[in-house]
Amino acid sequence: REQTEEVSSCRGTAGETEREREAEGEKKEERARMGGIITAPLSMASACLGSCAATCACSACKTCVNGLSSVSRFAYFMLFTLSIFLSWIFRDYAQGLMKKIPWIDHFGVRPSDEWFGKQAVYRLSFGNFMFFAAFSVLLVGVKYKGEARAKLHTGGWFVKLITWLVFNIVPFFLPNESMEVYSAFARFGSGVFLIIQMLILLDFTHAWNDAWVSKEHYGWVAGLLSLTTASYALAITGIVLMYKFFNPEGETCDTNVTLITVTLVMFVLFSAISLLPQVEHGSLFPSAVIALYTVFLCFSALGSQPEDYKCNGMGHKMDNTKLWIGMIFTLASVAYSALRAGSASDSFTFRDSVTSSTPLVSAPGSKTMTRSDEDDDEEAGSVGGEFEEVDYSYSFFHFVFALACMYVAMLMTGWGSPAATEGKDTIDVGWTSYWVKIASQWVMGGLYTWSLVAPLILTDRDFL
């Protein structure tokens, strides 16, 4: 009996153990089901969040690219501005890096640090020149926004940025002799850029004057009178300051005094000519703006004299803060002038702007707008965008920026003069820069005077 009881107790214990195992197995399955119930939504949520993040990232990239496409001019302006400040940094702080490039520093006698800084400027300038020049050539003849080549100007910004980086890197693998050739070519291109600036300024002042006078309201006329007075006041103030700072007491500065006096006589002369009754297109407002610009050019030229020159009364007063401010202002003004010049391609075309205006009363026999015409326009609206004319010449826009790249290189290297030594945080200083600005002033005064007297001399020509 005892053996039977022992066997029964062992069976009972084994049964309980099996039931416990089954119970534990059921609990594990239940926990697994609960884990699955909890994990599944979390997995789905994480997948959704990942998909949403990827979608948002793609949308952000598309939005960024589309945004760049809609403001192409500003995007190119930012690339050009970035190239300017890169040139500045490389010129002043990357001489050590340039010395480590064996095909650049291969001389028996190592050149000065200024030489290596100029090499960096030339190479960055050349890369950006080639970038903009390539687009200028590719976009020649583009008239409509729907053309395939027009997309080269407005789209593909990711590829365009990569291309811009490549164009900036490749020139550092070129030999020094190629940069010498480019620096000589850049002097010519910079002169063309300065002339374009002058022509656009002339066109801008006349257009501004005509626009405000055509309002035929005393408020606009009063505004023109105020601006004219302010421009002449600033010009005269500039003359007085130049006599003070660039003809110091105890020094003989006959050249500076002569240049300042020529500037004064120049703007008095063309201002007087603009008031003659025989001059049909003469006006005091354009004369005041050109007078202020010629004074600025003279002031800038005298300020470009070396700091240690005895007749440069402002050289010893320029601390580092003023040099930084002056340099940033100069570079920013060059970038902005390039943007404006590139967008003002109409100033260099022979379009008749009057044909684009709509008369209040139609001439006899002319076609008038009817409802059927409006319907035809609505039907053609679907294809109108394809044949919509571009707002400005894409090719000329890039051409101006290519010239501006050369001009920046000349500013930062003293117009490529071997004797010019640009100090850190300085720009456009030296005798070459000095005479370039003086020549620009004389050309500007001559162009404006010619625009006034040309209709009197060439009576058989039609001047608009």
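**View 1. Cys-311 and its disulfide partner.** Cys-311 is buried, with a relative accessible area of 0%; here buried means under 20% relative accessible area, exposed over 50%, and partly exposed in between (1.4 Å probe, protein chains only). Cys-311 forms a disulfide with Cys-253, the sulfur atoms lying 1.9 Å apart, where a disulfide is a pair of cysteine sulfur atoms within 2.5 Å. By this rule the count comes to one disulfide. The torsion about the S-S bond of Cys-253 and Cys-311 is about -95 degrees, so the disulfide is left-handed. Cys-253 sits in the loop between α8 and α9, and Cys-311 in the loop between α10 (284-303) and α11 (320-343), so the pair ties together parts 58 residues apart in sequence. Helices (H or I, at least four residues) are DSSP runs, numbered from the N terminus. Cys-253 is buried too, at 3%.

This is a predicted model, in which local features need pLDDT of at least 70 and side-chain atom pairs count only at pLDDT 80 or more, while totals for chains, interfaces and linings use all residues. Residues are numbered from 1 along each chain as its sequence is written, and side-chain values use heavy atoms, with hydrogens and water left out.

**View 2. Thr-255 in helix α9.** Look for Thr-255 in helix α9 (residues 254-274). Thr-255 is partly exposed, with a relative accessible area of 44%.

**View 3. His-398 in helix α13.** His-398 belongs to helix α13 and is buried, with a relative accessible area of 0%. Its side chain makes a polar contact of 2.9 Å with that of His-153 (N or O atoms within 3.5 Å; within protein, one must be able to donate a hydrogen and the other to accept it, and residues adjacent in sequence count only if both atoms are side-chain atoms). Leaving aside neighbours within four places in sequence, the residues in contact with His-398 include Tyr-76, Phe-132 and Leu-139; contact means heavy atoms within 4.5 Å.

**View 4. Met-242 and the largest nonpolar core.** This core has 78 residues, and Met-242 and Phe-267 are among those with the most contacts inside it. A nonpolar core is a set of buried Ala, Val, Leu, Ile, Met, Phe, Trp, Tyr and Cys residues joined through side-chain atoms within 4.5 Å. Its largest share, 16 residues, comes from helix α13 (residues 394-412). Not counting residues up to four places away in sequence, Met-242 touches Cys-298 and Leu-302, among others.

How values were computed. Helices (H or I, at least four residues) and strands (E, at least two) are DSSP runs, numbered from the N terminus.
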